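Me: Can you walk me through this one? I'd like the overall picture and then some detail on the helices.

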Amino acid sequence: MTPAELKLAADGGRAVAPEAKPGPVAAMSLRGMTVSYGEKPAIFSVDADFEQGAMTAIIGPNGAGKSTLLKAALDIVPRVSGEVRVHGQPLERARGRMAYVPQRASVDWDFPTRVIDVVMMGLYRELGLLGRIRGHHRDAAQDALDRVGMADFAHRQIGQLSGGQQQRVFLARALAQAADLYLLDEPFAGVDAATEAAIIDVLKTLKTEGKSVVAVHHDLTTVQSYFDRVLLLNVRRIAEGPVRTAFTSDTLAATYGGRLAAAQIEQLELGGAV
C-alpha cells in the first residue's frame, strides 16, 4: 500500500489500513434471518442484500423457504431471529416505502368488493381506517389500474375476473402505494402469457424509475431475461449476486439437488439461461 492508503496507529506506530468507504445502501438487507415452523427451520440464518434500482429473483425448490423469506421480512410471519433494514432504516420506520403482492392463491376472491376498492386498499396508510376518500385518491387508483391495463374493469366485482386479471389488480394496488421497494410472491404463477408480459413490463418500468423489485420466481428459463440479480435459496442461502455470475449450473445443482435433473440444467445451458 502507498503511504496515502495507510495511517499510523497510536499504539507504537503500527500501520493499519484506513476504514473502507461505505458502499451504496441496499434497498433491503436481511441478517441472520431464521424462521421455524415447529422444530424444523423453514429458513435458517439467511443473509441477503437486495440492491436499489434492481430486479432480483428469489429461486429455489418447493419448500425452500422463498415465500417465508418475504413474509418474515415484512413481519407477516414471526422470526426466530434476524434483522431487516430497508434503505438503511429499521423495518418499523420504513414500512411505508414497501409494497407487497401476495400469492394469488392465498386471497379470498369471493369477498364482495369492486376492483377500484381493492386498489384503494393500497392507500390505507394515507387514509387510515376511517379516512375520507377524496378525488385524488380515486385518481391515483385509476392511474394504477391504467398502468396494468385494467382501467376498464374498475367497477367489476373482483371475483368475476380471470386469474391473470386478478393478479394485475393486486399489482395495481401495490403501484397505488407509490413505494420504493416492491416485494412480489410468485407474480407469474397461473397467469396467461399476455398477463405475464404486461406484469414484467410494469416491473421493468419501475426499475427505470429507480424502484427496487424482489420477486419469488419459479420459471428458471426466464430468470436471465427478466432479472438483474438472483438469490438462490434452499432453507439456507446458496448463492447471491448478478444473474451472470450467480445463476450457474453449479449453483443450480447445489440449490435443487436431485430435484433438478442434470438434463434440465443442460437444457437451460443450451437455451442460454445459464
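Predicted model: local features only at pLDDT ≥ 70, side-chain atom pairs only at ≥ 80, totals over all residues.

Me: OK, how many helices and strands does the protein have?

Reply: There are eleven helices and twelve strands.

Me: And what share of the residues is buried?

Reply: Of the 274 residues, 44% are buried. The accessible surface is about 13900 Å², and carbon and sulfur atoms hold 50% of that.

Me: Switching to helix packing: at what angle do α6 and α7 pack?

Reply: About 15°, with the axes 9 Å apart; α6 covers residues 163-176 and α7 covers residues 193-208. That angle is under 35 degrees, so α6 counts as roughly parallel to α7. Their crossing is left-handed.

Me: Which residues make the contact?

Reply: From α6 you have Gly-164, Gln-167, Arg-168, Leu-171 and Leu-175. On the α7 side they are Ala-194, Thr-195, Ala-198, Ile-199, Val-202, Leu-203 and Leu-206. Sorted by class, that contact has eight nonpolar, three polar and one charged residues.

Me: New topic, α1. Is that helix mostly covered or exposed?

Reply: Mostly covered: α1 spans residues 66-73, and seven of its eight residues are buried.

Me: Which ones are buried?

Reply: Lys-66, Ser-67, Thr-68, Leu-69, Leu-70, Ala-72 and Ala-73.

Me: What happens just after α1?

Reply: Asp-75 comes there, with a positive phi of about 65°.

Conventions: Residues numbered from 1 in each chain as written. Heavy atoms only, no water. Helix = DSSP H or I, 4+ residues; strand = E, 2+ residues; numbered from the N terminus. Buried < 20%, exposed > 50% of the residue type's maximum accessible area, 1.4 Å probe, protein only. Areas by Shrake-Rupley, 256 points an atom, 1.4 Å probe, with all protein chains shown as cover. Axes fitted to C-alpha atoms, helices over the stretch in contact; angles between N-to-C directions. Parallel < 35°, antiparallel > 145°, perpendicular 65-115°, else oblique. Left-handed = near helix turned anticlockwise from the far one by under 90°. Contact = heavy atoms within 4.5 Å. Nonpolar A, V, L, I, M, F, W, Y, C, P; charged D, E, K, R; others polar.
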